[in-house]
Amino acid sequence: MSDLPFGFSSQDPDDRGRKPEDQGGANPFDFNQLGAMLSQLGAMFSNAGTSAGPVNYDLAKQIALQQLAAQGGSSTGFGPDQNSAVTDAVHLAEMWLDPVTTLPAGARKAEGWTAREWVERTLPTWQRLCDPVARRVSGAWVDAMPAEAKEAAGPLLSMLGQMGGMAFGSQLGGALAQLGAEVLTSSEVGLPLGPEGTAALLPANIEKFTEGLERPASEVLVFLAAREAAHQRLFSHVPWLRQRLLDTVEEFARGITVDTSALEQLAGQVDPSNPASIEEAMKSGMLEPQTTPEQKAALTRLETLLALVEGWVDVVVNEAVGERLPGAEALRETLRRRRASGGPAEQTFATLVGLELRPRRHRSAAALWKLLGDQYGAEQRESVWEHPDLVPTSEDLDDPLEFAERFGRTRKALEDPIAELQRTLDEKDPDD
């Protein structure tokens, strides 16, 4: 995101210490400055594309691609044969995954993406994630305005909406550029960002990630291909999962509220003759959404579901490649640390959607899936994904052993309901 919102430029450094009367007359409201501001706004609107809605995605894409170009984000990584390298890595990973999970391969094709392609191919999903939050925040500001203020504002409300869309778009574009330059696969955020059935890796970013790991680049590529392929199996063959993840983000967004008194404070802090005052007011945090109990509940559900996805991927990939890749455990721990330290995926997700993900849930989920697999086998472990009501809750992640024992009792009851009913009757207190 640019340092200054809405495209305003900073003040002349030579003018910062001057009083208003020293800057061209006694009247602090300079109409020449107003004209310049309006011209600047007009240019900004004309260059921002025709995107409608709470986020200007044309602007977001434009900013992201410009920043990536400036960073040299168009490098090809493994060279002109990167697509064949990715395809071979995913094919090998699929063969290794087949014996350790009953979920079949979910990727119909494998592709090597540049950072630019990552932005273009994942933007539709980011739109689904960001729209509910941006729409709710923007709507809350307008809803909080008194009726007379709305009437007085008139056409300015639509301009404010455009400016809000550009502000969100600018933030999104900058965040996507940062993430696109560092993300390793299409599923690293833990969400199905890319097109369904496409396993995608970013060879240029993987090449940078490999530097300093003291592992062969081909080994790192196969390890990450296995993680991407495992994600695709889950997202493709658990029908409710993709929609449930996106719906939970929308539930979080519906709970967003804005402190109405903050609008009055904001109006008192903004000086029409000083565009920088808008920046200062926006940075004050007074318009940040208030967290509600409903949001906290949605956040807990989302954190738990993402942890379950990542924990399952962690376990099955370790089983698939642990004995085949000498550096698998070191790579596994490196990715865990990358996630735990608030890597680019977590930081960008928090910036764009307003959600903080807790890495400790990931380790707890991995422990739970490992326990289920060891005790009941891969087929029974994967049966937990058959329905959203069967998956572990946040409380279950706190006590994986208890969940595994309960799962075993439920499994026995389903296999022999008559015997389970008799056992229950035998255990019942005769005095009841």
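I began with two helices, α8 (residues 217–237) and α12: their axes come within 9 Å and cross at roughly 130°. Helices here are DSSP runs (H or I, at least four residues), numbered from the N terminus. Axes are lines fitted to C-alpha atoms over the stretch in contact, with angles from 0 to 180 degrees between N-to-C directions. The angle makes α8 oblique to α12, as it is not under 35 degrees (roughly parallel), over 145 (roughly antiparallel) or 65 to 115 (roughly perpendicular).

The model is predicted; local features need pLDDT of at least 70 and side-chain atom pairs 80 or more, while totals for chains, interfaces and linings use all residues. Residues are numbered from 1 along each chain as its sequence is written, and side-chain values use heavy atoms, without hydrogens and water.

I listed the contacts (heavy atoms within 4.5 Å). Among the α8 residues that meet α12 are F223, H231 and F235; the α12 side includes W312 and V316.

Next I searched for aromatic pairs (ring centres of Phe, Tyr and Trp, the last by its six-membered ring, within 6.5 Å) and found four in the whole structure. W369 and W385 are stacked (planes under 30 degrees apart), at 5.1 Å centre to centre and 20° between the planes. W369 lies in helix α15 and W385 in the loop between α16 and α17, so the pair ties together parts 16 residues apart in sequence.

I checked burial (under 20% relative accessible area, 1.4 Å probe, protein chains only). W369 is buried at 0%, and W385 at 2%. Ring pairs also link W240 with W369 and W385 in a cluster.

Methods: Phe/Tyr/Trp six-rings, centres within 6.5 Å; stacked < 30°, edge-to-face > 60°. Buried < 20%, exposed > 50% of the residue type's maximum accessible area, 1.4 Å probe, protein only.
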